[in-house]
Amino acid sequence: MYVSGESLLVVLLVGLIAGWLAGQIVRGTGFGIIGDILIGIIGAFIGSWLLPQLGFHLGAGMISAIINATIGALLLLLVVRLVRGGGGRSSWGGNWGRRGWGGNWGRRW
């Protein structure tokens, strides 16, 4: 299968925008460029499968692809939040750099 450079760029752009939007809605901040792209692309797969199953057809084009991927990414993040069992910042990795990762290996004051 051949994927042109433009198609790959569109997929990455849609994934980045959708992942960032979903992160803003669910978490209040993004997940970084790579995280946003991955969440957006996985969300696009979820949205493109689930929305037609529910009878929703958004049409074609960049805006509908972003909306579709954002809805799928929101569902992905909400399911991950339910599985991980929490709502606080620490359940999303908000404590990185505070305990053990910031050079204080072993010391947890």
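Predicted model: local features only at pLDDT ≥ 70, side-chain atom pairs only at ≥ 80, totals over all residues.
1. Helix 1 and helix 2. Helix 2 spans residues 32–53. Helix 1 and helix 2 pack with their axes 6 Å apart, at an angle of about 100°. Angles from 65 to 115 degrees count as roughly perpendicular, so helix 1 is roughly perpendicular to helix 2. On the helix 1 side the residues that meet helix 2 are V11, L12, G15, L16, A18, G19 and W20. Helix 2 answers with I33, D36, I37, I39, G40 and I41. Sorted by class, this contact has 9 nonpolar, 3 polar and 1 charged residues.

2. Helix 2 and helix 3. The axes of helix 2 and helix 3 cross at roughly 100° and come within 6 Å. Helix 2 and helix 3 are therefore roughly perpendicular to each other. Helix 2 brings I39, G40, I42, G43, A44, I46, G47, S48, L50 and L51 to the contact. From helix 3 come N68, A69, I71, G72, A73, L75, L76 and L77. The residues of this contact divide into 12 nonpolar, 6 polar and no charged.

3. Helix 1 and helix 3. Helix 1 covers residues 5–26 and helix 3 covers residues 62–84. Their axes lie 8 Å apart, and the packing angle is about 45°. Helix 1 and helix 3 are therefore oblique to each other. The crossing of helix 1 past helix 3 is right-handed. The contact uses V10, L13, V14, I17, A18, L21, A22, G23, I25 and V26 from helix 1. Its partners in helix 3 are M62, A65, I66, A69, T70, A73, L74, L77, L78 and R81. By class, the residues of the contact of helix 1 with helix 3 are 17 nonpolar, 2 polar and 1 charged.

4. The largest pocket. Its volume is about 220 Å³. Which residues line the largest pocket? They are V10, V11, V14, G15, G40, I41, A44, F45, S48, A65, N68 and A69. Helix 1, helix 2 and helix 3 each supply at least two residues of this lining. The largest share, 5 residues, comes from helix 2. The lining divides into 8 nonpolar, 4 polar and no charged residues.

5. G40 of helix 2 is in the contact with helix 1, is in the contact with helix 3 and lines the largest pocket. A69 of helix 3 takes part in the contact with helix 1 and in the contact with helix 2, and A69 also lines the largest pocket. V14 of helix 1 is in the contact with helix 3 and is in the pocket lining.

How values were computed. Residues numbered from 1 in each chain as written. Heavy atoms only, no water. Axes fitted to C-alpha atoms, helices over the stretch in contact; angles between N-to-C directions. Helix = DSSP H or I, 4+ residues; strand = E, 2+ residues; numbered from the N terminus. Parallel < 35°, antiparallel > 145°, perpendicular 65-115°, else oblique. Left-handed = near helix turned anticlockwise from the far one by under 90°. Contact = heavy atoms within 4.5 Å. Nonpolar A, V, L, I, M, F, W, Y, C, P; charged D, E, K, R; others polar. 1 Å grid on protein atoms, 1.4 Å probe; cavity = no way out; pocket = protein on both sides within 12 Å on 5 of 7 lines; lining within 4 Å. Points joined across faces, edges and corners; volume = space filled by probe spheres on them.
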